[in-house]
Amino acid sequence: MKVTNKLVLLFLCIIAFVGCEDDLLDVPPQDLLVDETYWTSEGNVKAFAFGFYSGYFTGYGSGYTWGNYFSGQSLNDDFAATNPANFTQQVPTSGGGWSFAWVRKANIFIDRVQTVPMEQEAINHWSGIGRFFRALEYHDLTSRFGDVPYFDKELSEEDNETLYKKRDERTFVMDKVLADLQFAAENVRASVDDNGLEVNKYVVLAYMSRIMLYEGTWQKYHENNTTKASEYLAAAKWAAQEVINSGNYSLGNYREVFNSLSLASNPETILYKEYEAGLITHALNSYNNKEPQTGLSKDAINSYLSNDGLPIALSPLYQGDQGIDNVMTDRDPRIYETLVSNELRINGIAANHSTTAIATHKFLNETIKDDPEGSSNLNPTDAPIIRYGEVLMNYAEAAAEIATLGGASLTQNDLDVSINTLRDRPGINLPHLEISGNSPAIGGVAYDDPNRDPTVPSLLWEIRRERRIELMMEGFRLDDLKRWKKLDYVDMVENPDINQGAWIVKADYPTANLTNLTLTEGDEGYIIPASAAASLRVFDDPRVYLSPIPLDQITLYKDQGVVLEQNPGW
Amino acid sequence: MKKGFQKPILFFLFLCSLQMWGQTKTVTGEVVDSEGIPIPGVNIIVKNTTNGTDTDFDGKFSIQIPDNDKTTLVFSSIGYTKQEIAIKNQNFISVILSTSVEGLDEVVVVGYGNQKKRNLTGAVASINTEILDSRPITDVARGLQGVTPGLTITSPSGQIGENPTIKLRGNVGTLGTGGGAQPLILVDNVEIPSLQSINPEDIDEISVLKDAASTSIYGARGAWGVILITTKKGSRNKAPSITYSNNFSWATPTNTPKVAPAADGAEMAFAAVNRRIPSLQSYGVVGMRIDQLAIEKMREWEQLYGGQDLGMEMVEGRDYEIRDGNLFFYRSWEPRKLFVEKWAPQQKHDLSLSGGSEKTNYYLGLGYLDQGGVYKTNPDEYQRYNVNLSVNSSVNDWIDIRAKVLHSNSTTTEPFKFGSATYDAWYYTTRWPAFYPYGTIDGKSFRNHISEVEQAKMNENNYSLSRLNLGTTLKPIKDLSINFDFTHDRVEEHEKQVGGTLYAYNFWAQGADFSYVPYSSAAYDRVQYNSDWSRRNTAKAFLNYDKEIDDHKFKLTFGGDLEKYEYWYHYSQRRELLNPDQGELALATGDQFVGGDRDKWNTLGFFGRVNYAYKDKLLLEVNARYDGSSRLSSDKKWGYFPSVSAGYILTEESFMESLDPALSFLKLRGSYGSVGNQNTYLSSIYRIMSSSSSGWLINGGNQLTVGTPGALPSSLTWETITTLDIGLDAKFFNNKLGLTFDWYKRTVSDMHSSGVTLPSTYGTSSPRRNYGEMQTNGWELALDFKHQFKNDLRINATATLSDFTEKITKYANTTKSIYSNYEGRVLGEIWGYETDRFFSEADFNTDGSYAAGVPNQDLYETTSWFNYGAGDIKYKDINGDGVIDYGSNTVGDSGDMKVIGNSTPRYQYGIQIGADWKGFDFSMFMQGVGKRDFWANGPVFIPGFRYGEGWYDHQLDYWTPENTNAYYPRPNDQQQSNSSMNFLPQTKYLLDMSYLRMKNITFGYSFPKSITNKMNVNRLRLYASGENLFEISGVQIPVDPEVDYTNAGTNDTSTFGRVYPFRRSFSFGLQLSL
């Protein structure tokens, strides 16, 4: 029995000993970092900041997705699809873009940066980066929904008052955005480790010109708020001016911005996205080469000037639009950089046809087009994220709009530093746009495009044309039409030109079977890509300028006794 | 040795031998059953010795025994009650063995101990391991399918070397954590990560602990039940015995979809795409063009050459054509014939040695398995070696020690995948239309998966498990035993992948320009090593104490266990191989990549159990466990989980005696208890900022970033799983028929879930709280029957049936979207429409609008080109409002949608029937699922999912004005959607995945003793068996009824049905013991 007692005692001792080993159950995650211990160095701050890049700087996307380029904003008057994109028809049950995850991410970032052990200069720089991304997000939210609740800190789940806050006035939000951008412009470093691949002061300024131009024109055309419009446009102009004055950027070959294997030494890209075979690749190059594609509308093609600087309706050089050779004779050279100018690619004849027979090759790199990396989703060409050319266009338009609001008048110098710089670009060499009184002029002779929208002043009309051409297929057109309050341009019934392509005669292609190809006049005429009447997009309700708020959110607010107001018309 | 001691020892030995030598005699006799029928093979042993024999075919025996008054013989045979007979002065004895109350005296393994089956109070099933016998199965789990009610075993594809999913009493288990209701699988009391590493031949016993009362002794790890497996260890006093068995089998695929004939498929495709683009003359898919002329040419080709062997070389004009620079193909191919071996071989060899002396017993098992895959070139293969060694020894009369070594090593080889695992060669075998070119031009092939597999190097994946177990049992006094066990367990998995560069006519990119070029991404020109390894150290200490005081029996168990687990994963990759035939890291020049993971957790628990029996009829068991885990918030690491169960054996009462033998045994039992679930997501406890690649390159480096930290969690504690189980065990007609029934309700409370629905302004998902609640309700029934006829024919049968449903009973969700979790949701439910019929012309006015009285389906015409017309699906207007709609997609306002089915398997059953007669034996095992619905995805399920890709034979029956009674609607470009236009989830096309499968039929013959004795063999049996022989299923499309989204396939559910096929196999083998 003695032995037994000892054994039982030993048994209990072992159990008790193990039980006292308290650390045993304290095992934090081994390969995961936690918020409490993460914010210890500038390197960590920088790593966190890269998390914003994928959200905002999509470039050409990756795999088979692409960013805003080419078809990113396909609902417009440039893009003539067989099944055209339509406006939102229904209020979504949930989702619909009404998300504040990025706002939260930025707010957490800004908050944590303040206590990271590093120089005040670094704290300011990274605060600026955080506020820059918060500004981008709030610009996205306001441009989509108008009034939105504004938050500048991470919310607590118990803080119902803030969680269920009413929507803040658009101008209130945009004033905050402006303040964020101004702070960022002042504090973000002018030079960072990898300029061109990281956000620096000039990236901030370039985006500031884009965002403030958007909001300034919105305030003017939608809200009639001259004060705010002037303030935002002044900010846009100032930001663009800062970029110009820096002297860091210049223009090279137009197409090289879009089809280069490397943009590292491209003088025009303020920020670009690097692609590399086997790591991150895209499919836009292939799409411009191998695949059937959606083509450019007749309306877009007609907006290109002749190379004497005059609109086609006025230029003696214009050869009409029958046959690709005629279309492409003596035009603004940017048309050759953007479009395939020596052949029509007709559905039923060419495998890589275009819906309008006019194909795009702006994003095609000819040297790799037949290699594996030129095909499928293996394309390694770098993508511009924001470029000097756009900043110049932002400058020109902001300056012109400020003049319409009683501010400084638009000077020839304003045009020379912007539009005319673009026209002087190597390989373009288009005659300068001049100001003659309130009219545009070429070679000292004022002109007025007979095809001008009569509600748009002639000089502004030319600036908007320049913007459309310079930024063709870069994903700006829908946003531009929205802020100008010109969504009626995308109504396909009112504007049949935007649903037409190249002019062809079926009899010219005797061996091909083109029976199902719809032309404007039977066996000849302009190709009509969207031939079914039911598929035509109409613009009959101005509510689509703003997106609807999802139903579940309205219900959630209602349960709390708060009204989350729906946008007008929805 | 000192001289003085020698003499006495020698004298002692002499006395002993003299005693044995001088006093033996021969006893003969026969053994019969209660009906006088001789019983062959009865084991007879002289008590307390190793001396023994067996009865022959006529139940006769003869044995030499010491001639004294004390000799006792022990007669035992499976299925009969053991009997001891004192021989005294008899020379011939006749023994009648009565059939045992089947299994009731059998001892069943339970947590930290054993229990007689009759005294069990919890829901514990012991599995007859004979069901694993003679079957060409590679792992235990597959063999257990349908055997025990409550256990659901599924495999989403027939991929070799892959673990099936094992669930117990439920499918989802809890919404709070991952993994579902997966039971803890213990081999010799220690968790095993993969049942593939256990050789079925080494298994001695399997118990399934189902209710909380049985598993609570395992605490937090046993939340979803426990499967206890013990391996063989040999028995004491048994002469060495060698057994050898083998199995050779050949397998062939079960149901797989078949691509439609070339022209028919292309015609459907045209009909479909022309609805979207009426003007389309020709369409292209990966470099091939299709137009009406091509369809005519395909038909022509079929007429002229269909069925002929034209060789692989393709002839221009006949097999393909280049028109206007476009590439047209006319010839039909059957990639499956080119790619798949009709019969894939498999073989299995097992050898064991076991036995024991008075003090020691041992077992050595060796196993080899070689399973061949079905690819014709570069076939995949699975090979496994097992070693299992066990030694138990008594040091003295109160100390036992044991040691056990378990080792398993398996190697899977398969061709390198140039693409993701989601789109493997199987997917491509039926991806393209029949005219996709598999032939050659000038001996060189087009880009296709067969040539890719041919060009691939082989991946090699080696998995090994090594386990060392050391333990001791101390029995210092009668009825007390103290056990210590330590197990060190290491799992290693190493994989080597070597890619390369693929060459072909890359017509995808180059169309008619036939140049033989490299086309694979440069990223695949690489070598990669993946390694993961884990260490698990488990220490257990527990004592058992039995005490009997008059009619009261007590059994005490008390102890603790500790488990430490660590895991590492690492991969390294380098690109640009110098020589693809020698893919090594040192022989590559390009970019290098590394990555890794790490995990670690510990648990500690203390447990106790008291069993009490009053007169062996009233039974009570109380369990408790105090459990700690490193996987919970630091202030709530400990949990206490008690349980209680009780049983009442009514047949022990005198008032029940009159029912005997009609009702020979009846026990009612019930249990109630709770267990914790420690499988918490780390993100629920910590504000994790997990690292990932940002997708933003700087000078070729993918910048690392970290995620936004989640919401600050409230302190989380265990999810508690409470089970109430009520059951009965009964035996009828002198124990011939047995019945076990259980009803249970399992409640997961404190379920990790959002405590509240927050608006989007919150910016992240709500923090997890111990808020939700879920319930599983189910029942299980098992029947067994056994009978022996006078002519020696014995039959036996078992049947199992079980069912459960899982329901959310508490959940924070105010919007109650029908696609989200909400209170009242039955898990697996499928919302959809009721199919009315096809539209006819009469349903529309001439302008295309709906005729009067026809419900409007405008809601689903939103895409600019799709308008419903004759031949399209007309849905039922259930709420009669004249419009087909989904309301607000919420419960209570779901328009015409309703729950049309459920994807949870219901009424799972298994039926086993066996018979043997004079050495011949037969057994048959069927298994099935009574009801399961599925709304699948992808082209096999939805015609026109991607119009340019393959259409299938079974989709040819589609609506045309001439064929209005078709199964499928008018062809349409479904644009990769399984929830739009004609294929909104609906009753008509909802897959009926119920099935009855003939799992196995085995015929065997054991040679009689008269022959085997001459061969010096104890037992020799030959058998032939068939596995997965056929199935009866309601499934409307040619897929195996068990097919599901594979792990890789969940990345793209359109791969549905195009996975590594399930297989039927035929096998034969022998079993030999010496």
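The legends below describe close-up views of nonpolar cores and aromatic rings in a predicted model.

**View 1. The largest nonpolar core and its most connected members.** This core holds 124 residues, of which Phe57(A), Phe109(A), Phe132(A), Phe133(A), Tyr138(A) and Met212(A) touch the most other members. Helix H8 of chain A, spanning residues 201-223, gives the most to this core, with 12 residues. Apart from this core lies another, of 102 residues, among them Phe270(B), Tyr375(B), Tyr436(B) and Ile884(B).

**View 2. The surroundings of Phe132(A).** When neighbours within four places in sequence are left aside, Phe132(A) is in contact with Phe57(A), Leu181(A) and Ala184(A), and also with Val199(A), Val203(A), Val204(A) and Tyr207(A).

View 3. Over all chains the count of aromatic pairs comes to 102. In the pair of Tyr254(A) and Phe258(A), the ring centres are 5.6 Å apart and the planes stand at 65°, which is over 60 degrees, so the pair is classed as edge-to-face. Both Tyr254(A) and Phe258(A) are buried, and Lys362(A) lies over the face of Phe258(A), at 4.4 Å from the ring centre.

**View 4. A tilted pair in chain B.** Tyr423(B) and Tyr427(B) form an aromatic pair with 5.0 Å from centre to centre and 50° between the planes, an arrangement that is tilted. Tyr423(B) has a relative accessible area of 32% and is therefore partly exposed, whereas Tyr427(B), with a relative accessible area of 0%, is buried.

**View 5. Arg447(B) over the ring of Trp508(B).** The charged end of Arg447(B) sits over the ring of Trp508(B), at 3.7 Å from the centre of that ring.

Technical notes. Residues are numbered from 1 along each chain as its sequence is written. Chains are lettered from A and ligands numbered from 1 in the order in which they are written. This is a predicted model: local features need pLDDT of at least 70, side-chain atom pairs count only at pLDDT 80 or more; totals for chains, interfaces and linings use all residues. Side-chain values use heavy atoms; hydrogens and water are left out. A nonpolar core is a set of buried Ala, Val, Leu, Ile, Met, Phe, Trp, Tyr and Cys residues joined through side-chain atoms within 4.5 Å. Buried means under 20% relative accessible area, exposed over 50%, partly exposed in between (1.4 Å probe, protein chains only). Helices (H or I, at least four residues) and strands (E, at least two) are DSSP runs, numbered from the N terminus. Contact means heavy atoms within 4.5 Å. Rings of Phe, Tyr and Trp (its six-membered ring) pair if their centres lie within 6.5 Å; planes under 30 degrees apart count as stacked, over 60 as edge-to-face and the rest as tilted. A charge sits over a ring if NZ of Lys or CZ of Arg is within 6 Å of the ring centre and within 35 degrees of the ring normal.
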